[in-house]
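The following note is intended for a colleague who is meeting this structure for the first time.

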Amino acid sequence: MGATWLNMKTEGALQTHARSQAWKLGPATLLMIGAVSLATPFLDGEYARRWFDWPGVLLTAQVPLLVLIVAAAFFWTMRQKREVWPFLLSLGLFAVTFAGLGVSVFPYAVPDEITLWQAAAPASSQLFMLVGALILIPIILAYTAYAYWVFRGKVGDDGYH
């Protein structure tokens, strides 16, 4: 993901180096995703049941399919020497793998011990956090948008300015 970010935000020798690193690290990332995906059903029978029993397999089979589609699109856009799409697709790849993790452990926050509902805070605490989030998230988003606006474009040898 970092290499695709640098590919998007730099030019020249640094961009070339970042692109070559993305070509190396992309397959390595997919190998690690594959290794974890192959090992996960054997960690617990419940994981295997969630992934492979009917009719749940109709939903869970979409996760590896999406990984393959996103990975193929990633390498195609890298081959086309695109700059933005490889980064967005690397984000998508991580989102899909986290969805797969969620499918594996749902409904537990701590596998086989605490469910999401047991781990949830009381309603009064959730309401307090909601009010805080409604106030602070727009501020954070505005500041982040401003920072991205200031540092928009590519970094050349002479920096941003």
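1. Helices (H or I, at least four residues) and strands (E, at least two) are DSSP runs, numbered from the N terminus. The model is predicted, so that local features need pLDDT of at least 70 and side-chain atom pairs count only at pLDDT 80 or more, while totals for chains, interfaces and linings use all residues. Residues are numbered from 1 along each chain as its sequence is written, and side-chain values use heavy atoms, with hydrogens and water left out.

2. Helix 2 (residues 13–43) and helix 5 (residues 62–79) have axes that come within 11 Å and cross at roughly 165 degrees; axes are lines fitted to C-alpha atoms, for helices over the stretch in contact, and angles run from 0 to 180 degrees between N-to-C directions. Helix 2 is therefore roughly antiparallel to helix 5 (a term for angles over 145 degrees).

3. On the side of helix 2, the contact (heavy atoms within 4.5 Å) is made by R19, A22, W23, G26, P27 and L30, and on the side of helix 5 by V67, A71, F74, F75, M78 and R79. By class, this contact of helix 2 with helix 5 has 9 nonpolar, 1 polar and 2 charged residues. Ala, Val, Leu, Ile, Met, Phe, Trp, Tyr, Cys and Pro count as nonpolar, Asp, Glu, Lys and Arg as charged, and the others, Gly among them, as polar.

4. A pocket is, on a 1 Å grid over the protein atoms alone, an open set of points where a 1.4 Å probe fits, with protein on both sides within 12 Å along at least five of seven lines; lining residues have an atom within 4 Å of a point. The largest pocket has a volume of about 610 Å³ (the space filled by probe spheres set on the grid points, which are joined across faces, edges and corners). It is lined by 22 residues, of which I33, V36, S37, L38 and T97 are the closest to its centre. Helix 2 gives the largest share of this lining, 11 residues. The lining of the largest pocket comprises 15 nonpolar, 7 polar and no charged residues.

5. For the second largest pocket the volume is about 160 Å³. Among its 14 lining residues, M1, L25, G26, T29 and F74 are the closest to the centre. Helix 2 again supplies the largest share, 5 residues.

6. P55 is in the loop between helix 3 and helix 4 (56–60).

Technical notes:
Parallel < 35°, antiparallel > 145°, perpendicular 65-115°, else oblique.
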